[in-house]
Amino acid sequence: MSMEVDAVPLPMRSIPHTTATILCYNCGAPIDGTLAAGALCSDCLKLTVDITNGIDREGILHMCRDCDRWHSPPTQWVVASLESRELLALCLRKMRGLSKTRIIDAAFIWTEPHSRRIKLKVTVQAEAMQGTILQQTFEVEFAQHYKQCPDCQKSYTHNTWRAVVQVRQKVPHKRTFLYLEQFMLKQGAHKDCINIKEVQNGIDFYFAQRNHAEKFVDFLHSVAPIRTKKSQELISVDIHTSTKSYKFSFACEIVPICKDDLVALPSKIAKAIGNIPPLVLCHRVGTAVNFLDPNTMHTADLSTPIYWRAPFAPLANVKDLVEFVIMDIEPIAAPQGRFTHAEATIVRASDLGVNDTTYLVRTHLGSILHPGDSAMGYLLSGTQYNNDNFDAILDSKTYAGAMPDVILVKKHYASRKKNKTRNWKLRRLAKEENDMKPRKQDAEREEYDYEQFLQDLEADPELRQATNLYKNAEEAAKMKEAMETDDEDEGMEIPMEQLIDEMEEMGMVDDDEGEEV
């Protein structure tokens with residue numbers, strides 16, 4: 001007899017998987033013995049193991065108080081503002097023992113600026129034991145000490161320069177250097193100078209490195225018509241390594257023709273630059289000299305290389321200008337840019353009430369001159385000039401009969417009252433002064449040149465584009481309170497929207513107070 005048995009699956013018994021549990025030898029807490037490092041729980045591991053051991057918690061940062069740069073060993077000085085990425089990187093490089101860990105995070109902790117302390121909060125990771133990564137956060141404090149950098153040491157020590165740029169112009173005034181100074185301040189071309197010294201007929205700029213001087217010379221070539229001569233002097237020689245030390249000098253001479261000068265061109269040059277009449281006015285100086293003939297309104301540009309092939313001096317400069325009064329003026333042509341050709345009847349200001357001598361002239365100032373205005377010009381009638389080019393013009397059959405009696409140059413504005421101040425001011429370069437005081441006549445001449453330069457800025461919008469004019473808040477408030485009527489022409493006032501707020505910049509002084517900013 002056979003028995004039939006149903007195939008019924010039997011349930012499987014689940015065997016629980018137990019981990020190898022051990023007790024922490026420090027606190028007795030149960031931990032996984034297969035994962036625990038050194039038989040320590042995670043809490044005890046954090047308390048007993050210090051991965052930051054060997055990392056400096058204190059340090060010293062050296063800063064130059066003259067140029068605000070920080071010392072990056074061994075010899076580098078870097079520019080870094082407070083709480084900047086550059087300063088943070090410098091602090092981390094100064095910490096010893098940090099290379100054995102991995103930096104996770106680093107940030108500044110705020111401190112009082114006058115405390116001269118810099119604090120960091122640094123988070124690092126490191127392998128505490130085999131297979132265990134530990135992360136910890138700690139604070140580092142740096143003390144800020146002052147130390148003078150080598151560049152500033154040279155600036156305060158005489159005869160430590162490596163290169164000098166000597167800028168010269170043989171003219172009887174300083175207007176060119178005043179304009180060049182303002183253009184340098186706007187472009188920041190003076191930032192590498194370690195010393196600036198004013199000398200007769202020019203300025204010397206001293207540099208600690210040769211490439212800084214060459215960069216400055218390139219800047220001068222881009223803004224003024226100059227020629228440069230380079231020389232070098234051997235200072236020392238190391239016979240063991242054949243290393244030589246030189247001092248370099250760059251002599252830069254600016255073309256002695258300035259704006260508003262009367263120029264008698266040589267006939268060959270006048271024909272070469274566009275067959276312009278040889279008696280012209282210089283109305284602009286840039287990388288080339290721009291001439292204008294007021295009688296025909298012809299213009300021409302004289303490049304610097306052509307001038308230095310056969311240099312010549314101007315016939316008359318701004319010192320020879322004479323004041324005239326406009327009796328009548330009438331335009332004879334359409335405006336050409338900012339110039340308008342016009343015929344004017346003028347009389348010399350000193351002849352008013354003395355004689356009835358009048359002059360009928362053609363001028364390019366028809367758009368800004370009106371009857372009753374005053375203008376400055378050159379009186380050619382009855383004036384003797386010791387100039388070969390001018391004598392050639394008088395002997396010429398073409399131009400001798402067209403010689404004008406007067407050439408008007410610019411509009412003349414009423415003299416500013418001594419007690420009247422401007423609502424704007426300029427910045428000046430901090431120059432080295434001589435121990436001897438200048439002569440009285442030299443000081444008066446410099447003061448007169450500076451006042452004329454300020455008046456040119458007020459009258460010429462194009463000249464103001466190359467300079468930074470700062471608001472003089474104190475004087476503006478006084479002028480607003482006084483509200484006095486002024487007899488000056490409206491063209492002498494600079495709109496407030498063209499002025500910028502005063503900013504602190506290194507190496508500059510205020511023209512009113514004469515103190516370094």
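Which residues in helix 4 meet which residues in helix 5? Have a look at the views below to find out. This is a predicted model, in which local features need pLDDT of at least 70, side-chain atom pairs count only at pLDDT 80 or more, and totals for chains, interfaces and linings use all residues. Residues are numbered from 1 along each chain as its sequence is written, and side-chain values use heavy atoms, with hydrogens and water left out.

**View 1. Helix 4 meets helix 5.** L180, F183, M184 and Q187 in helix 4 meet F216, F219, L220 and V223 in helix 5. By class, this contact has seven nonpolar residues, one polar and no charged ones. (Nonpolar covers Ala, Val, Leu, Ile, Met, Phe, Trp, Tyr, Cys and Pro; charged covers Asp, Glu, Lys and Arg; the others, Gly among them, are polar.) Contact here means heavy atoms within 4.5 Å. Helices (H or I, at least four residues) and strands (E, at least two) are DSSP runs, numbered from the N terminus.

**View 2. How helix 4 and helix 5 are set against each other.** Helix 4 spans residues 175-187 and helix 5 spans residues 210-223; they pack at an angle of about 120°, with their axes 12 Å apart. Axes are lines fitted to C-alpha atoms, for helices over the stretch in contact, and angles run from 0 to 180 degrees between N-to-C directions. The two helices are therefore oblique to each other (under 35 degrees is roughly parallel, over 145 roughly antiparallel, 65 to 115 roughly perpendicular, and the rest oblique).

**View 3. Helix 2 and the strands it packs against.** Helix 2 runs over residues 85-94, and its buried residues are L87, L88, L90, C91 and L92. Buried means under 20% relative accessible area, exposed means over 50%, and partly exposed is in between (1.4 Å probe, protein chains only). The buried residues of helix 2 pack against several strands, including strand 3 (58-64), strand 6 (102-109) and strand 8.

**View 4. Q144 in strand 8.** Here's a residue from strand 8, which covers residues 132-146. Q144 has a relative accessible area of 10%, so Q144 is buried. Leaving out residues up to four places away in sequence, Q144 touches L61, M63, W70 and R116.

**View 5. D204 in strand 11.** D204 sits in strand 11 (residues 202-207) and is buried, with a relative accessible area of 6%. If you skip neighbours within four places in sequence, the contacts of D204 include V164, R168, N195 and K197. D204 and F250 are 46 residues apart along the chain, and their C-alpha atoms are separated by 9.8 Å.

View 6. V409 belongs to strand 22 (residues 406-412), while H364 is in the loop between strand 20 (359-363) and strand 21 (374-379). V409 counts as buried at 5% relative accessibility, and H364 is buried too, with a relative accessible area of 4%. Not counting residues up to four places away in sequence, V409 touches H364, L281 and Y378, among others.

**View 7. The whole chain.** Zoom out and you have 11 helices and 26 strands. Buried residues make up 41% of the 517 residues in the chain.
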